[in-house]
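Subject: Structure for you to look at, with notes

Dear colleague,

Please read them with the model open beside you.

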Amino acid sequence: MDITTFGAFTTARLGIYAAQKALNVTGNNIANINTTGYTRQAVDQVSLRVGATNHYASANGGVTGSGVLVTGMSQFRDPYLDIRYRNENSSVGAMDTKLGGLEELSNILDEVGKGSEGNEGEGVLAAQFQDLRDQLAKLTGDQSTEDEFLTLARSSAVSLVKLMNNYAQRLGEVGKNQANGLQKDVSSVNDILKNIQTLNENIQKSEIYGDSALELRDQRNLKLDELSQYIKIDVTYEPVSVGAGKTVDKLVIKTSDDNPITLLDGDYAGQLSLKANDLRKNPAYNPDAVPADTDDPYLDADGNPTADANAAAKLPYALTLSELKNRNGAALAGSEDYQFSDTELYGSLQASRELLTETGEFTTADMAKMDADATTKRGIPYYQNALDSLARKFASVLNAANTGYMYNSAGNYIKTDGTEITDIHGDPIHKVEILTSALKTELDGAGGVPLGGVLFSNSTNGDDTSGITAANISISKSWSTDASVLQNSFQALEGKSTVGSSDNRNILHILAQFDGKQDYKPGDMVTDAADGATKFFSGSFEEMFTNIEETLATDTKSTTTLLDNYSVSTTALDSDRDSVSGVDLNDEAMNMMQYQKSYSAACRLMTTLDEVLDKLINGTGVTGR
């Protein structure tokens, strides 16, 4: 169709409008070059062609358009780069949180160069172990029974157990800090979901009225990036009909896992809740089912339904997602509460949970069934258990070395009158390295002479040795009130039933325990450990603590390496996103020149058409004679 005379004015007018709008958008891009999260905008244009038939058009005439229409505004954004960035951002969040926790532990357990004066190469605890050795060594001379040296040895032991108590207390404080941090992170995630829910509503309303709400989309994208640090997410956009053949996009957020769980669906959002201790829920259980649900409410460690709460698997610091609700409190059809399992999440939230729950080699059999990698994950509880293992082993070995019965030069146990104790066969009972409870009962019944006693207990108020940990290890009440509990020897003088004051062989035996190789097993601390009978370390007391430090250093180094790698990848992806979505002054300058010339040309077309019509109307025609 040939364009009409006055239609040409419309073509020029639309060109002016399009160029003006494009200049406005270019100015807006330049103004927001430093605005965080701003996405470069562009004007969407289409060529206008009126579809009517011109009956007066020439059969040989060509068909031309009728100008340009601005159909809306759009953004320069690559969804694939957003997906990749958010996936990497989850890894950064996870490793950053884990590293923060490990560094807190390092501030406590990393003792390199913190030793006392003269022991700068040692740590504080190692220096105190050495001091106790030194005080015990002073008891190997003629002064072995002098109260002054016995008191010095006891004082050194007090300092040692207080150091262990202090370390345990500080580890507990790290755990409390992490728990508080996790609760705050859960609150932050809930706030983000609420913000995105509100933005979704506003964007949808704007789209219904023809506004793309690009600035609101920028705010939403920033919130999605923030959320991806806490939880690994998948973001999709689904068209929803709003009537009259019009559709708008609905944003849906799900967890990125083999079993994706919807966190937000349009203007319906869930909220996370945290319980320090919870039972593993059965997702198939429906308490409101009619007739009654045949499924049981819990799952055991094997994933089997059970109605017995005592048989249900325990989920420490369990995260539960509420049913999805809109801002009016109405629930989305089919939505219900969902409890995440121990391995379903990834990101900062999961890293915090693992810092609070993972016990490494001390993992229980039930937890190992739920997570095959549990024995290789070490959180705060692992280091607490490892320190407790050291405290318990130290106490049990020294208590055993200081507890016994008097024996003669032949190595046979004797009574108070010096006669040997015999067994049921009439044979003398020879001394043993470790006294069993059965042998103690037999010797007590036969009139044996108990010597020494418990050096370390679980409280200063008694001599109970059960359940000793780094948090409660103390010198026993007997030792705290009587320094001579520390036994110098168990061998009686020849022909007598008393121990020689200058005999120090038991002190030497106790000293030898400091260099002895001790086996540390998870079962010593956790009765139902998956690998309870398998030793995870063998060495002296000082070497055990060094092993704890080295394990922590290894975990810290590997986490730092992963964080660096993920950070580099995330930074590169963010740069790639910025190259697409960011404002480039060179591009905008070119656009400004282009749209300015378009504007000038459209104005010139308008002027030319006006001149043509003026000539046609006023400058043509037949003049009168």
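I begin with an open sheet of 3 strands in the order β7-β10-β11, whose pairing is antiparallel; strands here are DSSP runs of E with at least two residues, helices are runs of H or I with at least four residues, and both are numbered from the N terminus. Two strands are taken to pair if DSSP finds at least two bridges between them. The edges of this sheet are β7 (272–279) and β11, each of which pairs on one side only. Between β7 and β10 there are 7 bridges in the antiparallel sense, and Leu272 stands opposite Leu321 in β10.

Before going further, please note that this is a predicted model, in which local features need pLDDT of at least 70 and side-chain atom pairs count only at pLDDT 80 or more, while totals for chains, interfaces and linings use all residues. Residues are numbered from 1 along each chain as its sequence is written, and side-chain values use heavy atoms, with hydrogens and water left out.

A further open sheet has 4 strands in the order β3-β4-β5-β6, with antiparallel pairing. Because β3 (233–243) and β6 (268–269) stand at its edges with a single partner strand each, one side of each is left without a neighbour in the sheet. Going through the pairs in order, β3 and strand β4 (residues 246–255) are joined by 10 antiparallel bridges, and Asp234 has Lys254 in β4 as its bridge partner. These two strands form a hairpin with 2 residues between them, and Ala244 in the turn has a positive phi of about 60 degrees. Next, β4 and β5 run antiparallel and are joined by 3 bridges, with Ile253 opposite Leu264 in β5; they too form a hairpin, with 6 residues between the strands. Finally, 2 bridges join strand β5 (residues 262–265) to β6, again antiparallel, and Tyr268 in β6 is the bridge partner of Asp265.

Turning to charged pairs, the count comes to 26 salt bridges, a salt bridge being a side-chain nitrogen of Lys or Arg within 4 Å of a carboxyl oxygen of Asp or Glu. One of them links Arg327 with Glu201, where the closest N and O atoms are 3.2 Å apart. Arg327 lies in the loop between β10 (314–321) and β11 (338–339) and Glu201 in helix α4 (residues 147–208), so the pair ties together parts that are 126 residues apart in sequence.

As for the domains, whose bounds come from an automatic or database domain assignment, the protein chain is divided into domain 1 (7–76 + 588–618), domain 2 (102–175 + 379–558) and domain 3 (190–368). The centres of domain 2 and domain 3, taken over C-alpha atoms, are separated by 51 Å. Their contact (heavy atoms within 4.5 Å) takes 15 residues from domain 2 and 13 residues from domain 3.

Together, domain 2 and domain 3 bury about 1100 Å², with 69% of it on carbon and sulfur atoms; buried area is the accessible area (1.4 Å probe) that two parts lose on being put together, summed over both. On the side of domain 2, Pro381, Tyr382 and Ala530 lose the most area to domain 3, together 35% of what that side buries. The count of salt bridges between domain 2 and domain 3 is 0. Helix α8 (residues 380–401) supplies the largest share of the side of domain 2 that touches domain 3, with 6 residues.

Best regards
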